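Subject: Structure for your review

Dear colleague,

Please find below the structure that I would like to hand over to you, together with my notes on it.

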Amino acid sequence: MSEEILDPIVISEQQFDKAAARIVDLKSGLIDYLKEPNRIHIINFPVELDDGSVKTIECFRVIHNRVFGPSKGGIRYHPDLTVDEVTSLAKLMTWKCALVNLPFGGAKGGVVCNTKELSPNELRHITRRFTSELFSIIGPSTDIPAPDMYTDEQTMAWIFDTYDRLNPDKNNRPVVTGKPISLGGSLGRHEATGKGCMFATQHFLSKALIPEQQEIAGARIAIQGFGNVGSIAAEEFFRHGATIVAVSDSKGGIYSSSGLDPEKISEFKDENGTVVGMPDTMTISNEELLEIDCDILLPSATALQINSSNAKNIKAKLVVEAANNPTTPAADEILQQRGIYVIPDILANAGGVTVSYYEWVQNNVNEQWDLELVNSKMQKRIFAAVDAVFDYWQGCVVGDNPDDHVNDGIREGGVPDFRTAALIVAIKRVADATLMRGIWP
Ligand code: NAD
């Protein structure tokens, strides 16, 4: 078997092409436009470290598409970050926003740095300089960053403060989301991505595709990555009656067949910097976690974790992509053949950008909504997106008779998986809106 291609750009193109090929009358020039990023910014700047030395820092902001409104997407800090990875993530943001019907396009950004080796002072200097370099690019109605891996509320507060100082006398709160509550952050934003994963899973299970698992209660869950998304997802699934059998972070994982208490894991991680070593648990590797005996697997860390080398060993009946891009196209095929369903990233983790949108709306009118309102609005939007994807998928697989294929504008042959169905819904919305606006001039 030829070696699997793990290039993020190639993978995002394969996923896009698989979906686009099933949409009737999508003009080839329009396909090219929807595939390519609108613009890519690559910036290098110097930063003075605490010991007086100077380091050159590389950073990126990629804007993929703005057909529906300002571009929206997180900022990631990671030592291995590449412009190709950021570009593929910017594309995902376009499809994610379209799938949950937000008036946003897609973008992503990042800084090549290792937050574990930087002091708070150094991180603040890097974030302020990064923001000043992006000053003419980001803005409340042009491009709006948010947190992602190894960035948090504090990072967003520095971005807001820097932008606000450079652009006084305006309401600059909507320039960035995921801010601390005291600076205009939305109630529920911190929990939104993990909670949204739970809502998407809950609604998906209610469709009875897995007859023996029609609700979260009683499910055994394994979660790779115990950061913002993974730890909140663990709490949410636990609260709904699931047993969390395994979790992990970058240093390794822990397992307990009788179940783990997410709150106790968080306390242990806060004290020890890792989940590994928690009393009464068995230490496992991240590779072992993915293949552990469980009902639902949540990759909640980084990309390409489920690939051709381990997809045949996954034991879960359902994979919920809390992380972005955790499954390769080759793994998708293997999981599909094995009857394992995948709730794709653009659906599973869309709760985060949905509540970011609510934060942006609240900031624009200087209001703060109740937590119940935020959560119920988010739940409604995630349920509607699950329904839209499910209907498309079902409309294509109900039978061999072409008359059974009830979706307009989709080629016969059906939609093979939920990722492709979700991408078809999103790509069609963006393509239709592009043509509706009219190709300029
Ligand atoms: P985070 O930085 O809060 O947490 C990341 C976690 O992953 C940490 O526990 C870290 O130790 C662990 N990790 C890192 N590398 C790992 C590896 N190789 N193996 C196992 N664990 C590893 O980040 P986050 O905000 O929770 O984001 C996690 C994922 O969710 C990312 O893919 C991100 O793009 C996606 N996501 C995040 C949001 C959000 O609102 N934060 C929204 C949508 C999608």
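This is a predicted model: local features need pLDDT of at least 70, side-chain atom pairs count only at pLDDT 80 or more; totals for chains, interfaces and linings use all residues.

Residues are numbered from 1 along each chain as its sequence is written, and side-chain values use heavy atoms, with hydrogens and water left out.

The ligand is surrounded by 23 residues, of which Arg76, Asp148, Thr193, Ala301 and Asn324 are the closest (a residue counts as near if one of its heavy atoms lies within 4 Å). Domain 1 (1-36 + 187-349 + 374-441) and domain 2 (39-169) both contribute to this shell, so the ligand lies between them; the domain bounds come from an automatic or database assignment.

Among the polar contacts (pairs of N or O atoms within 3.5 Å), a backbone N or O atom of Asn228 lies 2.9 Å from a ligand oxygen, and a side-chain N or O atom of Asn286 lies 3.4 Å from a ligand nitrogen. Taken alone the ligand exposes 830 Å², of which the protein buries 88% (Shrake-Rupley method, 1.4 Å probe).

Turning to the sheet, 7 strands (DSSP runs of E, at least two residues) form an open arrangement in the order E9-E8-E7-E6-E10-E11-E12, with mixed pairing, where pairing requires at least two DSSP bridges between two strands. Strands E9 (282-284) and E12 (341-343) stand at the edges with a single partner strand each, so one side of each has no neighbour in the sheet. Strand E6 (residues 220-224) pairs with strand E7 (residues 243-249) in the parallel sense over 5 bridges, and Ile221 has Ile244 in E7 as its bridge partner.

Definitions and conventions: A polar contact is a pair of N or O atoms within 3.5 Å; within protein, one must be able to donate a hydrogen and the other to accept it, and residues adjacent in sequence count only if both atoms are side-chain atoms. Helices (H or I, at least four residues) and strands (E, at least two) are DSSP runs, numbered from the N terminus.
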